[in-house]
Amino acid sequence: MNKETDTGSPAQPRLKRIGRILFISGVAIVVGVIVLGLSVVLVAAYTGSSIIVSNYVGYAILALLLGVLLIVAGLIALILPGGFSKDAVWAMRGGPWR
């Protein structure tokens, strides 16, 4: 096994901060898409026009996918700030597939 101790690098707090920012911005984008979607549907129902909804759908899907990707990237940066542990890397290198 790996006998080294992890002392931690100065990049880990920065990566956790970036992960938190990515996560919060992703949540904000997803919530914004939902709120704007509801308002677009209400305006379309009030005016009787379906053109507003069909134009919004293309932008909403892209923004929602971007928000979900930012949430996932933020969670990965929060959970694994230093990458894989040394024991996991050692186990992968010692496997039968080289």
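**Exercise 1.** In which helix does I79 lie?

*Solution.* The model is predicted: local features need pLDDT of at least 70, side-chain atom pairs count only at pLDDT 80 or more, and totals for chains, interfaces and linings use all residues. Residues are numbered from 1 along each chain as its sequence is written, and side-chain values use heavy atoms, with hydrogens and water left out.

Step 1. Helices are DSSP runs of H or I with at least four residues, strands are runs of E with at least two, and both are numbered from the N terminus.
Step 2. The residue I79 belongs to helix α2, which covers residues 51–79.
Step 3. In the whole protein there are 3 helices and 0 strands, and the order along the sequence is α-α-α.

**Exercise 2.** Determine whether I79 is buried or exposed, and state which surface patch contains I79.

*Solution.* 
Step 1. Buried means under 20% relative accessible area, exposed means over 50%, and partly exposed lies in between (1.4 Å probe, protein chains only).
Step 2. I79 has a relative accessible area of 63%, and therefore counts as exposed.
Step 3. A patch is made of residues with over 30% relative accessible area and no salt bridge; like charges are joined within 9 Å, and nonpolar side chains (Val, Leu, Ile, Met, Phe, Trp, Tyr) within 5 Å. A salt bridge is a side-chain nitrogen of Lys or Arg within 4 Å of a carboxyl oxygen of Asp or Glu.
Step 4. Together with L64, V68, V72, L75, I76 and L80, I79 makes a nonpolar surface patch of about 600 Å². Of these residues, I76 also lies in helix α2.
Step 5. Although I79 and G19 are 60 residues apart in sequence, their C-alpha atoms are 8.8 Å apart in space.

**Exercise 3.** Describe the surroundings of I29.

*Solution.* 
Step 1. I29 is part of helix α1.
Step 2. The relative accessibility of I29 is 26%, so I29 counts as partly exposed.
Step 3. Contact means heavy atoms within 4.5 Å. Leaving aside residues up to four places away in sequence, I29 touches A63, L66, G67 and L70.
Step 4. Between I29 and G67, the C-alpha distance is 5.3 Å, with a sequence separation of 38 residues.

**Exercise 4.** Which residues gather in a patch of positive charge on the surface?

*Solution.* 
Step 1. Lys and Arg count as positive and Asp and Glu as negative, while His and the chain ends are not counted. The place of a charge is taken as NZ of Lys, CZ of Arg, CG of Asp or CD of Glu.
Step 2. The patch of positive charge is formed by R14, K16, R17 and R20.
Step 3. R14 is located in helix α1, residues 11–47, and is exposed because its relative accessible area is 51%.

**Exercise 5.** What percentage of the residues of the protein count as buried?

*Solution.* 
Step 1. The protein has 98 residues, of which 16% count as buried.
Step 2. Accessible areas come from the Shrake-Rupley method with a 1.4 Å probe; for residues, only the protein chains shown count as cover. The accessible surface of the protein is about 7700 Å², and 72% of this belongs to carbon and sulfur atoms.
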